Amino acid sequence: MFKYSVPLVIFIVLAIFLALGLTLNPREIPSPLIDKPAPTFSLPRLQNPEQSLSPSDLKGQVWLLNVWASWCVSCRAEHPVLNRLAQQKLAVIIGLNYKDESDSAKNWLSHWGNPYDASVVDAEGRAGIDWGVYGVPETFVMDKQGRVRYKHTGPITDDDSVEIFIPLIQKLQQE
Amino acid sequence: MRLFFLLIFILAAPNAGAGVEVKQFASTEQEQAYTDLISELRCLVCQNQSIAESNAELAQDLRQQVYTMLQQGQSRQAIIDFMTQRYGDFVLYRPPFKTKTLLLWLAPVVFFMAGLVIVWRLSRKRKRDTVSAQDAERIEKARQLLEQGEDL
């Protein structure tokens, strides 16, 4: 009996591990920035390049940083979701226009709508490296103390928006 | 046909050269440090390649970052710290030994030990199963007795 149950047990354990492995998303790499102060930058605004914006300007507010680019296909998919989220005016949404041409970025916003309170230009992708950006779009949520509390890699879906972002923002607003 | 394959190889060749941008180094040690580092940092876009192998834009940027930091005279450890602070341990092909990576580092040893135990136990069992010459004689005798019994 023992002789036959051993391979069976090994098989079941393996199957469970492999099944768990299948449900994981290898693209989701946990960010080391969570609960750490938001990396700083001082970058020109897309619509108004003479003015710069840095995360310290947003202290005391809950804000989102959405990394986007006009060349990014999944940003297009995410865009309507962001527009809807912005309409609710729950938090300040800042766009980080990552390695993009400012002209095509502006066109993109006027064509698809602008959910951002402001977008900053990171043409070289230097701020992107500081934020550990590896796949556009990415979205970070910062609390009032300016700490990163959540990172979302890949396009935000309506479900993500309703189930993760809105409750989190509401929670952070109350802190 | 041979020409066709030759053409394919020639056309595919530039891919093999990813990460070999022309870069000037102050010393051969610095160049060595650079090649070592970029082959130990994982590209996060194409996850099974190092930033030395990958042609992804992020890999190019990170190579440039490593290069710049080396030019500034920063140490190897400083560069590794810079990368892990931003991308986490995931960026390292040789993750550090800590509680979270304990299983990762120790699993091979554990599996090896388990293998040894299994081999040891199996070989002991086999020894137990091999019948001694004396036993064989007795078995043969018993068989003969049985056969005689049938005849009766």
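In what order do the 5 strands of the open sheet in chain A lie? The points below answer this and then turn to other parts of the structure.

1. Basis of the note. This is a predicted model, in which local features need pLDDT of at least 70 and side-chain atom pairs count only at pLDDT 80 or more, while totals for chains, interfaces and linings use all residues. Residues are numbered from 1 along each chain as its sequence is written, and chains are lettered from A and ligands numbered from 1 in the order in which they are written.

2. The sheet of chain A. The order of the strands is β5-β4-β3-β6-β7, and their pairing is mixed. Strands are DSSP runs of E with at least two residues, helices are runs of H or I with at least four residues, and both are numbered from the N terminus; two strands pair if DSSP finds at least two bridges between them. At the edges stand β5 (118-122) and β7 (148-153), each of which pairs on one side only. On average, neighbouring strands are turned by 20° against each other, direction ignored, the axes being lines fitted to C-alpha atoms, for helices over the stretch in contact, with angles that run from 0 to 180 degrees between N-to-C directions.

3. One strand pair. Strands of a sheet pair through backbone hydrogen bonds, either parallel or antiparallel. In chain A, β3 (residues 63-68) and β4 (residues 92-98) pair in the parallel sense over 6 bridges. W68(A) has N97(A) as its bridge partner in β4(A).

4. A residue is buried if 20 or more other C-beta atoms lie within 10 Å of its own, exposed if 12 or fewer, and partly exposed in between, with C-beta atoms placed from the backbone.

5. V136(A) and its neighbour. Not counting residues up to four places away in sequence, V136(A) touches V67(A), W68(A), A69(A), C72(A), C75(A) and Y98(A); contact requires C-beta atoms, placed from the backbone, within 7 Å. A cis peptide bond, with omega of about -5°, joins V136(A) to P137(A). P137(A) is found in the loop between α4 (126-130) and β6 (138-142) of chain A.

6. Positive phi values. Most residues other than glycine have a negative phi, and most peptide bonds are trans. Phi of D35(A) is near 70°; this residue is in the loop between α1 and β1 (43-44) of chain A. D35(A) counts as exposed because it has 11 C-beta neighbours inside 10 Å. K89(A), with phi near 50°, is in the loop between α2 (73-87) and β4 of chain A.

7. Helix α1 of chain A. This helix (residues 2-23) reaches 32 Å from its first C-alpha to its last, close to the 32 Å expected at 1.5 Å a residue; the expected span is 1.5 Å times one less than the number of residues. Of the 22 residues of α1(A), 0 are buried, so the helix lies largely in the open.

8. Chain B and the contact. Chain B has 6 helices and 0 strands, and 14% of its 152 residues count as buried. The contact between the chains takes 11 residues from chain A and 12 residues from chain B.

Terms used:
Two residues are in contact if their C-beta atoms, placed from the backbone, lie within 7 Å.
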